[in-house]
Amino acid sequence: MQITQSINQCPVYLYFLVSFMMSCNRISGDKLMDFIPGVYERRINHEYSKGLDRLIIKQQHGNVYKIEKRSAIVRIRRGIELPVEYDTTAWTGIYDSKDHVIYEQRRGKVISFKPKENKLLVGASVYRKVK
């Protein structure tokens, strides 16, 4: 009788065991994926222009991310500031858990992250996470 009752309870114990293992895997897994979504900014201040670049990153599903780049640039010619130029572009990126980077699909940009420093890098451009 006791053996039959133990066998009948096995699926319940198995369910809890599998659930526990999956949650442990997520906790110890790639924490970078939790850091990635957010708003990142880069200020530009050169002799010939000044402005702000903003990247808004949202996880679409799995390892696919939607990245929206918004820019506001003021060009400076002969010491005179020209009107603000606004630009918005949309990218799609695939997160590579082996390399810990996002590969942008259209132009081939590589986006890397430094969570301890609250930074994102697109080539030599450094963005700070603000949200």
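Lys69 is partly exposed, with a relative accessible area of 21%; here buried means under 20% relative accessible area, exposed over 50%, and partly exposed in between (1.4 Å probe, protein chains only). This is a predicted model, where local features need pLDDT of at least 70, side-chain atom pairs count only at pLDDT 80 or more, and totals for chains, interfaces and linings use all residues. Residues are numbered from 1 along each chain as its sequence is written, and side-chain values use heavy atoms, with hydrogens and water left out. Let's walk through the salt bridges (a side-chain nitrogen of Lys or Arg within 4 Å of a carboxyl oxygen of Asp or Glu), of which the count comes to 7.

**Around Lys69**
- Lys69 pairs with Asp53 in a salt bridge whose closest N and O atoms are 3.9 Å apart.
- That pair links distant parts of the chain, 16 residues apart: Asp53 sits in strand β2 and Lys69 in strand β3 (residues 64-77); strands are DSSP runs (E, at least two residues), numbered from the N terminus.
- Asp53 is buried, at a relative accessible area of 3%.
- A network of salt bridges links Arg42, Asp53 and Lys69.

**Glu41 and Arg54**
- Glu41 and Arg54 form a salt bridge, with 2.2 Å between the closest N and O atoms.
- This pair also connects distant parts of the chain, 13 residues apart, with Glu41 in strand β1 (residues 38-45) and Arg54 in strand β2 (residues 49-61).
- Glu41 is buried, with a relative accessible area of 14%, while Arg54 is partly exposed at 28%.

**Glu68 and Arg70**
- Glu68 and Arg70 meet through their side chains in a salt bridge of 2.9 Å, N to O.
- Arg70 is partly exposed, its relative accessible area being 38%.

Terms used
Helices (H or I, at least four residues) and strands (E, at least two) are DSSP runs, numbered from the N terminus.
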